[in-house]
Amino acid sequence: MSTSQTPPADPADHGHASEISEIELRVRALETVLVEKGYVDPAALDVLIDIYEHRVGPHNGAHVVAKAWNEPEYHAWLMRDATSAIASLGYIGSEGVHIVAVENTRRQHNLVVCTLCSCYPWPVLGLPPVWYKSAPYRSRAVIDPRGVLRDFGLELPADTEIRVWDSTAEIRYLVVPMRPPDTQGWSERELREIVTRDCMIGTGLPGPPDRLARQGHERHP
Ligand code: FE
């Protein structure tokens, strides 16, 4: 979502496709107008962009989940009062005033959606992915959650119940995935590496990043 980086002008590039997408161009135009009219302060924009590009993102949620996996007391606190347990790690702020943790088990898998718009726990997951905000996801997650999970490459046992949680402006949900059985003895830092954004929304499972590439931007052919 950077709006401040301009690729260096290179005459050799003329005639080739621009690396700037149409949406980026529109964002820049809008930003320019807002700044020129004095509605926004560019310095404040830079701070916000830095926060959501570098400091806030799924790595925060991965920290929470990994800690819960390794520390029973923290796990109990997280399940009892997620907002406080998460805030204790410094993850606070907009769109995270009331967070509820829901834990996956063999019997119940949790899936988070916002049927109304795009409510999402920003302090732990950052900004929502495009698909999370899409009408097909928002409607199908409720009507056919198993089908949605299948689209994400996730086939759950037939006897695992899928519970769908509808986020609101008041309550945001964080899915605590099941810890993979082959990770006993792993450090919290190692565990963080396998906690993906999607598994904290419920559309994925934890695992080695290259094995769980279904993030909407696969790098492998
Ligand atoms: Fe919403």
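This section describes the fold, core and selected residues of a predicted model.

The protein contains eleven helices and four strands. Of its 221 residues, 29% are buried. Among contacts between residues at least 6 apart in sequence, 71% join residues at least 24 apart.

The largest nonpolar core has 40 residues. Val65, Leu174, Val175, Val195 and Met200 touch the most other members of this core. Helix H3 gives the most to the core, with six residues.

Helix H3 spans residues 58-70, and helix H4 spans residues 72-80. The two helices pack at an angle of about 125°, with their axes 5 Å apart. H3 is therefore oblique to H4. The crossing of H3 past H4 is left-handed. On the H3 side, the contact is made by Val64, Lys67 and Ala68. On the H4 side, Tyr74, His75 and Leu78 take part. Four of the residues in this contact are nonpolar, one is polar and one is charged.

Glu95 lies in the loop between helix H5 (82-87) and strand E1 (99-103). Glu95 has 19 other C-beta atoms within 10 Å, so it is classed as partly exposed; the buried class requires 20 or more. Cys119 is 24 residues from Glu95 along the chain, yet their C-alpha atoms are separated by 7.6 Å. Glu95 also touches Tyr120, Pro121, Trp122 and Arg172, with residues up to four places away in sequence not counted.

Thr203 is found in the segment after helix H11 (197-201). Thr203 counts as buried because 28 C-beta neighbours lie inside 10 Å. Leu111 is 92 residues from Thr203 in sequence, but the C-alpha to C-alpha separation is 6.6 Å. Leu111 is also one of the contacts of Thr203.

Conventions. Residues are numbered from 1 along each chain as its sequence is written. This is a predicted model: local features need pLDDT of at least 70, side-chain atom pairs count only at pLDDT 80 or more; totals for chains, interfaces and linings use all residues. Axes are lines fitted to C-alpha atoms, for helices over the stretch in contact, and angles run from 0 to 180 degrees between N-to-C directions. Angles under 35 degrees count as roughly parallel, over 145 as roughly antiparallel, 65 to 115 as roughly perpendicular and the rest as oblique. A crossing is left-handed if the near helix is turned anticlockwise from the far one by less than a right angle, and right-handed if clockwise. Two residues are in contact if their C-beta atoms, placed from the backbone, lie within 7 Å. Ala, Val, Leu, Ile, Met, Phe, Trp, Tyr, Cys and Pro count as nonpolar, Asp, Glu, Lys and Arg as charged, and the others, Gly among them, as polar. A residue is buried if 20 or more other C-beta atoms lie within 10 Å of its own, exposed if 12 or fewer, and partly exposed in between; C-beta atoms are placed from the backbone. A nonpolar core is a set of buried Ala, Val, Leu, Ile, Met, Phe, Trp, Tyr and Cys residues joined through C-beta atoms within 7 Å.
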